Every structure is written in structure tokens, then in C-alpha cells.
Amino acid sequence: MRGRPLLHTSYEADQALLNTTAKRVMLGVFFLIVISIPFQIIPGLKFLGEDDWLRLLSTTAVFAIGALGLNILTGLAGQVSLGHSFFMGIGAYTAVWLGGAVGGPLIGLGLPIWVWLPAAGIVAALIGVAVGPTAVRVRGLYLAIVTLGLVFIGEYFFRNWNSLTGGSQVGRDFPRLQVRLWKEEVPIFDFTTPANWFGVEVSGVAKTFLLLAVFALVFTLLAKNLQRTRVGRAFMAIRDRDIAAEIMGVNEFAHKLLAFGISSFYAGIAGALLASFVTRVIPERWDLFLSVQFIAIILIGGAGTVTGAVLGSAFVVLLPRIVQNFTLWLQSVATEGDGILSSIANVFVATTPEDFGLVNTFAGVGPGLSVAQLNLVLYGLLIIGFLIFEPLGLYGIWLRIRNYWKGWPFTY
Amino acid sequence: MRRKSKWLALLLVLGLVLAACGDGGAETTTTAGEEPTTTAGGGEEPTTTAGEEPMEIATDVGVDLEAGTITIGLLSDLSGPFAPLVSVINTGHEIYWADVNANGGINDLQVNLEVRDTGYVVDTHVQLYEELKSQVVAFGHSTGSPQTVAINPSLQADGILAIPLTWYSGWSDPAINANLVPHGTPYCIEAMNLIEYLTLQAPDATTIAIASSPGDYGEDSNAGAVLAAEALGLEVVYDGTARINPADEATLAEVASGIAGSGAELVWVTTSPTAFGSVYGQTLAAGFQALWSGAGPTWNPALVGPDSPIKDALARDFYVSAYYAPWAADSVGNQFVRDLVAEYAPDAPPLDYYAEGVIEAKIMHQALLAAYDAGDMTQAGVLAAAKSLESVTFDGLAPDETYVGEPNDRVQRAVFISRPDPEGLAGGTSTGVSQVESNYTSPLAAGFEFNETCFQLG
Amino acid sequence: MTHGLVVLAQATVENNEFAQTLVDGVSFGAIYALLAMGFVIIFKATSVINFAHGALTGLGAFLVAAFATVLDFPGRYVTFLPEWAQWTLNVLTALVAAALIGVILERVFLRPMVGEALFAAAIVTLGLDIVVRTITNDWIGTNPRPLGAPWGLEVVDLGWVRIAWSEIVQIIVTVVLLAGIALFFRSRTGVAMRATAFDQETARAQGINVGRIFSVAWAIGALLAGVAGIFFSVFPRRATGVDPATAFIAFRAFPAVIIGGLDSIPGAVVGGFAIGIAEAAANSYLGFEFLGSGFPGIVGYLLMLVVLLIRPYGLFGTAEIRRV
């Protein structure tokens, strides 16, 4: 019925993934916008179509896949895990073992992408299930520290397994996003080189972005679907009251293992895609900071929600670039403009080594924070800020906005 | 609580809007004075300006003849393990170009720098390269070897020049260096020089311990040390190749106990300054003493600062190696650096590393001038100009460079050797080193046949 | 038992390497014990896992470097005292400053999280770690900062074992602090803290100012972290002083906390020494080629996993009572 979107008249309608017209329309519009970005059609968003922004958006898509995995483990099943970067590393190194260049000093079998990409996810999932029993034995914050140990132990292995990873600080090249039938020279479809589609010039980065965006969409729908399945409901029961769930017939052990397995699958795929996309990765890449980034993503986005994982990824990945642009803009205001705005900007920005300011914008080092440090400080403050003020994250903010307009003008 | 998050939401939206404003198609290059230059995403726009210049100059990215600017990119490590060196090197760039700009620029074109902090992380480096490649005409430096190797294929595909800020011997290998102009003595030849010099200081020594960080930096230097030990008849009693991980305390203790237990008389170590300090200190605690030296970036004058507990021991044991003359050296080139600092960075402390920035900037200067003369200041034009430079001189600051000819003939072999000088540093009379050899090439290094890189990166 | 100790003593005196390993292990273990103790005190009092402990370590060490070398405060006012006394005074002032900052951090960032999920509070400390570490790194600058310790390079050579003066001081200070903490828990505030750790609600009902207890816990935690940071940043561990890497030592102390049990202070001390000795032993005896480099660094975590498999709440931790 129009005007009553939440009135469902059948079980299917109630359980549908997109159960209101608004959701369907929004998803459709969002998808169209994302697809159109590389073609720079929409005014105001044209700058996003440039190569460096497309690279950032591609990274967002990959991080979203990883975040969805962590969301299933931590947000849905309630298992705190700091070990996400370890499983991403496993996925990446499985991919390079199977898909890497043959014949050189490093291990590689040269297999095509339809072998190494799923294998990356599956092997990571298997290792996730293998780690499971140890993780299930401990609870709560002990689990967080055990998964922390996983990251350090994993880093040790990656750093020392030179023939696979290329060695500490050196790294190796990863198989590219190219589709082949088996091991032929020229790929059937190459996502990394520019092409001409119906007269429109499309760069390699644009093609990669479209591919990764589609992957992200598929995984998002899969994750959203998980929530309404039996397994998903079992996860939520374990998160809320695991003993009660066990009494009700939910096999706690099996489901916790499954949660680790599924989230590691997502992590493995994300790790393989990230390494392939960046083309060269050192073993130190899969460190604690990466794990913390994912925790931050799901918390800032909104723990337990699929939308939150995607929003959070966009936020965390795009934040450094936004801060950089903002600082450059402040710098130009401080130096070129005059008036109050310029003086305020001058307080924040130091344009020369002698100038005082919170942030340095010149080439050397000075009293203030560098842009990279400002990024980190803002990142940390945002994590803290969201947890203190808006525990539901960006999704929570969206809920407030939506509810405000739902009841408007009767907002009391 | 509700009010607070509304403001939060507003702030976020504001931030996004500002970001869009700050980046809506127009890229503003640094500092005041000129209009923002608009650059399209890597497209070709040859601008011929009849009437303004006596000849037509082709440009594409990074050179704007109307606005009168040239943009050079710097991919620097300003927050990672070599930040102390690179931040000073960047100041060297700044003061050199400030001087050039004040004296008319490059035929009235002002040079601006776009600096990005890679933190010595490979994927950040790649990302920032992608960001800058459509804004700059060339890269004034690219910090780190795995990082530079990672962007090398893109450099070749995009036809852009970069000066590597590393002394990996691969940069002198024609199979790798189509878009790179190296400078200074490669790590492995440096190791040969210093180790032979150490044997001259301790003629009775027969044993050597070698340790390094993993990667091109440590292992290239390592390869040279092993070659030198073989040629000079030294027994390698401890081999800590690729064992030092500056981020992992346990490896430092491991290497230190290995070196101390080996009883070596000479030690060659290649790593970051803090890792070196820790390893050295722990061997001292175990009662070990020998002659030490290491690759250039292993040294940091802070090691012999007034409060450093190891300063006197270092003054006794260590030999500092560098690719250019130290601050206080007596040459035209050094005086030039000192004058630049006095005029454009008067409050900056005396340090050796400005020279490196000046050297890099000077090479780029020559390349830009040559490109201008050839009428082609596109990215490809600047690259071609750089690769055809026959002679770049530094007036005694560093050995002269040439980029034409056989690799074996033009690879640098000379180093500058100094001893640590804690008293001079404390008294303000030196930058912590006192030079003992200038432009020194040992017989072993002079005779070495350089045909390919000493250490193959994976 | 006594026979075992006698055998141990004999082995120590006769076998140089064994003795040296033991000494190294104990002295490094002292640093871990201090870190673990500070961590557990904060956890017991506030039930929050403090991921910012590393940042506090780096901050404490930096403050000592600043007060001792750059500011020379209040040393410059008491020049009639010998050098080492001036330095000690500077260090104490710096530690007081570190404790104060700990209190401020707790008040501003963690007080609003009281009553919220513990996982959320732990992640707040993770964010805090990033902020404090970055700002400390900015203050440290690009060069490492030496602490100006008065004992310099001095090493005591007893023939069968070598021990640096800094290690001797370290062990003495650790023992003094352990005694001090034990005494503290008998004082009024200490008893109040034990009550708060046992049951926050009831303690509040009894009239204990729980907020003040939280602040005291963080002050003590920051102080202990600072002391650990000092001993980590002097000869022979890092002769160059405090630098951005100093903060990461705290992550090696987490296994100590888990082995001992998250809510047991004696357990933390035992765990700290256990990890220290395990790492020293791995350094001396497990230098096999196939293990590559950095194995001693993960020995702690491996030991932790083994202990958790046998006792999921650590050696001395109290098992959680799970109710439906």
C-alpha cells in the first residue's frame, strides 16, 4: 500500500532484503551513481572520475568487503577479533602462490584469476576454522588478545617466508586483475589497461573500479542476506546470550567456527584483491594497524549493520585525502586571502618553518603536526568521538536524520 | 547527546563539501603568488605561446607557460624510519629552488614543489605517485628502493623521470633504469671502499661480522661487503644478512649477541640509525670491541649528541661514510650550501643532509634547462634531457655525474669518510663528523667490474 | 624443591651462558612485569582493557627525556646536589607529570564510557593510543631523544656474568615499586580500589568515590608505564633514547598479562618475568636457521596460547561465572 511502506502483507514481503520502495529506489540510484562515476556524467561529482580518486574509491570497495567480513564476526556473532589483517594476508599470499609469476626465485604457479581469487577466500576460511577452536575456548577480551597474537605470529611467518612473500621490506608483485582461460600470454579481458567502449575512453583504473564496485555490491547483498538466514539468526543469538542460545539448540561451538570461517573468507578475498590492486605489497602490510582500521571502520560505520560497514569504509579510506585537501585549502586561504577567515586559517596552518601553526604545510619539519600526523590524530579522535557520542556510528546518524524527516513536522 | 551528534553530522557534511570545493577539478600548487593551475587528468595540451617566448616550448603536465610555473614532485619519507634525513633533504630542495627562483627561475619560469609523505610504505608511495603524476613534470626524488621499484613500471609506462633517493646499485643497471637518474656511489661499492679502508686502519684484522636490514638497502650493501671480504681475505665470522628488523626489538638483541659472540675485529652494519645504536650499545654491554662502519644512511649525528651514552665509544670505533662532503668541508660546493642555508633558512641547524637535497635539485635543474633548450618541456622531454646530460658538476660537494656511456665507466665509486666528532657537535663547531678522506676510492672499488646490480630485488 | 634450587644455583654459577641468559631474562622481565602490573591495575579497577598502554610508555619516556635533558627541571635549581640526584629529581617530576596526564586522559575520554559496553571502552583506548602516540611522536621529532641517564655505559663484570648498571637499577626499582604497590593495597585508597575491582555498584553504595578510584588507577598505570619506558630507552637496550618505536614494547607485554590472568596483579608480575626469561632463553638457545629472524619476539605469544589452552583464564585469573 502506498504511504504505508512497513505494512507487509506476506512473509516474503516482510523478509525481503529491500522491503520498502524507498530502499529499492535508493539502492538503484546509488548503484547508478557508482557506475557513472568513472564517466564523469554527474555535475559536482566529476572530480571523482579522475584516476587518483578512482584509486581511492577502489580501495574503499576492497575495504568494504573486508569490513563486511569483520562485521559478520564481531557485529553479528559478537566475537571480538583483532586478527583480521592476518586472514587478509593469508588470502593475499594464497593468491600469489597460485597466481604469481612462474619460474622466478619466488613461488608462483601462474594460474588464472578464477582459480586464485576463490582459493584465496577458501584457504583463509579454512585457516579461520582451524584457528577457531583456540578462539572459542577463550571469551571476551581474552579473545581480543589472542587474535592480537595471531597478527604478530602471522607477521613473523610472512616476514620470514621469503620465497613466498619476497621477504621483509621487499615484498613482491601480485597477479593482476586479468581474466584468462588458463595460462595464455594475452588475457581475454584486462582490467588494468585502458580501453575504448563505444567511443568512450576508459582508463585501466576506471575498469578496475567498476569491477571492484560490482564485487563489493555482490558481497554486500550476500552479507545482508546472511542476517535473515537461520545461520545469521543463530549468530545473533550467540552474540546476545550464548548460554541461552545453546540451551535453545544452537550449537555454539559449530556456529562460532562458522563465523570465523565466513569472516575469514571475506578477509581472504579482500586481501587478495587489495594486493592485486596495489600490485606490490610488503609482508609488514598485514599488521596490527590494518586490523585496527577495520575495527574503526565497523565502529564508525555502525557495528552490526551492513550499511555501516560500507559507509565506514568510505569514511576511513577517504578521510586522509579529505584532510589533505582541507589543509591545502586552509593554506591557500592563509596565504592568499585577507580578513578574518585568513587570520583564523593562519592559526591552524604553518606555511613556513618560522610560522606558528597546528599543521605544517611546507616541505620540511616544524613545530606543528605534519599532514600525515594530523590524519592519524583525527582518525583516533573520530574513533573515540563516535564511540562516546554516537555508538551506532554513521548508520546511527543516518537513522536520526531519517527518523527526523519521517516524523516531520511532528518531530517531538 | 542528540544535539552533539547533529553537530557532528553537520561537520561531516561541511567537510565533504569543503573537500569538493578544494578539489573540484582544479589543483592548487603550493605557496602564494600565482594563480591556481588547472590540470586535466593526464591529457596532452601542448601550449605554444607565440610572442611571449622566443621559441616554441612543448608542454603537457606540470609546466604552465602562461602562469610561469614548473611543478616538481617529491615522494618523501617524512614519518618513517628515514624521516630525520629526508626532512632535512627536503629543506635542501626548498632553499635551492628559492635561490633559483629569486634569480629568475628557469628562464622566468618559477619552480614549485609538491611534497607528499609516503611514510616509507610501498602502497602509499604508489598511491601518491598516481596522485602526483598528473600534476608534476618530473619527480625530484622518490624515497626508498622497494618503493621506487614498485613505481618503476608505471614510470616507464607514463614516461616520467624520477631521481631515486636511494643508492641501490640497480639504478645504474640499464635493464632497470630507463626512467631513473641515479647519483652517488651505490651501496655495494661503498661497502668495498669502507671495508678496504678499515683494513688499512687495522692491518692485522682477519675477521669481519656483517649484519643488515632486509631489502635492497641492507642486502645490496651486504653483497658488497661479502665481495670485499672475499677479495681481502677476511673471514666472515658472523653473517647477519637481512636479520636486523628495526621494528622488532628481538632481532636487535639477537644480532647484537651474535656479533658480540663472534669475536670479529671489523663490523659492517647497514640499517637505520636507531637500530644501529641499539645493536652497538648491546655489544658494548657484552664487552665487545671492534672497528665499525656502515652505509651512509646508518649514521645520524644524534648518535653522538651531548646526552648520548655511546658517543665516546662511537668516536673511538666508528667510521662514517657519505656520498657527499660534510657540512664543514672546504669546497666551493659546500660554501654554496652554507650560503643557501644562511640566506633562506637562517634558523636551521647546520646539518650534512642539505647537501643531498641540493645535489638532487641541481640534477633536476640541469635537466630542466636542457629540456627548455631543446624546446620540449613535456614529461617525456624532461626525461630525455636528463638521460642525455653529459656532465653535472657539484664543485667539490660530490663527484661529478654523467648519464651517457657505459655503466661500468660512469658508475660512481668515490666516498667521503669521516670520524664522529662529539666535542665538535656539543661545541657547535661541526655537524658531528670530522672528515678524514674526501672523494676516496679504494683500489678494490676502482677495479670492480660493474655489469649488473649487486643484489637482485624479488 | 630445595634440591632443585641448589641444582639451579650450581648450574647458574658453573655455566656462563645459562647465568647470563637468566640475568638478561630477569632484567628484561622486570620491564614486562612493570608494564603488565600497570595494565592489570587499570583493568581491575575500571574493567577496561587499556590498549593505550604503549602510548603511555612512550609518553612517560619522552617526558623524562624532556625534563632531564631539555628542561632540566627542577634539576637546575638544585645544582648543589650531585648529578645523579638532580637527574632522579627530574625523573620523579616527569613521572608525576605522566601520572597527571593519565588522570586527565581517564577523565576526558573514559569517564563518558562508564556504563557502556566494555568492548566499546577498550576500542576507545585503541583510538586514544593512536592520538597520544602520534602527538608524542611529533614532540619527539625526527631524532631519538636520549634520557641522559647518569650511569652511562657502566657495566659490572663479575666474571661469570656481565650486568649493566642500568639493569641493576632497573631490578632494584622494580622490587621497590612492587613493594610499594603491595603496601598501597593495604592503605585506605588501596582497599577502596580492591572493593571497586570486586564490585563497582556495591562499592559506590558503600560511599566510595569510584570516579576518584578510576583516576588513581590510571595515575598508577601511567606511572608504571613511564618507568618501564625509561628502562627501555636507556643503554643497553636503546642507547639512542626514546623514539617512535618505544611505544610498541607494550604489545610484547600483553602475553604477560594474559598468562598471569587479566585480574591478578601477582599473576602479572609472574607473567612478566616468565616472558622475559622465555625471550632471553629463545635468544640464547633457539638461534636455529630455520626459525628465521624475530622468533624471540613471538615466543611470548606462543607461550600465551599454550597457557590459554590449559587454563583459559590465565594461571591466576578468576574464571568468569557465566549465567544465562
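Reader: Hi! Which residues does B:Asn334 touch, leaving out those up to four places away in sequence?

Author: In this predicted model, B:Asn334 touches B:Ala325, B:Pro326, B:Trp327, B:Ala329, B:Gly396 and B:Leu397, with residues up to four places away in sequence not counted. A contact here means heavy atoms within 4.5 Å.

Reader: Nice. Where does B:Asn334 lie, and is B:Asn334 buried or exposed?

Author: B:Asn334 lies in helix α10 (residues 332-344) of chain B. B:Asn334 is buried, at a relative accessible area of 2%. Buried stands for under 20% relative accessible area, exposed for over 50%, and partly exposed for what is in between, using a 1.4 Å probe and protein chains only. Helices are DSSP runs of H or I with at least four residues, strands are runs of E with at least two, and both are numbered from the N terminus.

Reader: Before I go on, what are the ground rules for the numbering and the model?

Author: Residues are numbered from 1 along each chain as its sequence is written, while chains are lettered from A and ligands numbered from 1 in the order in which they are written. As this is a predicted model, local features need pLDDT of at least 70 and side-chain atom pairs count only at pLDDT 80 or more, whereas totals for chains, interfaces and linings use all residues; side-chain values use heavy atoms, with hydrogens and water left out.

Reader: Good to know. What does the predictor give the complex for ipTM and pTM?

Author: The complex gets an ipTM of 0.85 and a pTM of 0.84 from the predictor.

Reader: And what pLDDT does chain C average?

Author: Chain C averages 86, and 94% of the residues score at least 70. The pLDDT is the predictor's confidence in each residue, on a scale from 0 to 100.

Reader: Staying with chain C, where is C:Val234, and what does C:Val234 touch?

Author: C:Val234 lies in the loop between α9 and α10 (249-260) of chain C, and C:Val234 is buried with a relative accessible area of 4%. Not counting residues up to four places away in sequence, C:Val234 touches C:Leu147, C:Ala149, C:Trp151 and C:Ser166. The C-alpha atoms of C:Val234 and C:Ser166 are separated by 7.5 Å, although the two residues are 68 residues apart along the chain.

Reader: Back to chain B. How many helices and strands are there?

Author: Chain B has 15 helices and 14 strands. Of its 458 residues, 64% count as buried. Among contacts in chain B with a separation of 6 or more, 71% come from residues 24 or more positions apart.

Reader: How is chain B divided into domains?

Author: Domain 1 of chain B takes in 58-185 + 329-410, and domain 2 takes in 187-322 + 415-447. Such bounds come from an automatic or database domain assignment. The centres of the two domains, taken over C-alpha atoms, are 28 Å apart. In the contact, 19 residues of domain 1 of chain B meet 18 residues of domain 2 of chain B.

Reader: What about strand β4 of chain B, how many of its residues are buried?

Author: Seven of the eight residues of strand β4 (residues 110-117) of chain B are buried. Strand β3 (residues 69-76) of chain B pairs with β4(B) in the parallel sense over eight bridges; two strands pair if DSSP finds at least two bridges between them. B:Leu74 has B:Val115 in β4(B) as its bridge partner.

Reader: Which helix does the chain pass through from β3(B) to β4(B)?

Author: The chain crosses through helix α2 (residues 83-102) of chain B, and this β-α-β crossover is right-handed. Right-handed means that, with the strands pointing away from the viewer, the path from the first strand over the helix to the second runs clockwise.

Reader: One last thing: what is the phi of B:Asn107?

Author: B:Asn107 has a positive phi of about 50 degrees although B:Asn107 is not a glycine. B:Asn107 lies in the loop between α2 and β4 of chain B, and is partly exposed at a relative accessible area of 37%. B:Asn439, in strand β14 (residues 433-440) of chain B, is another non-glycine residue with a positive phi, near 55 degrees.
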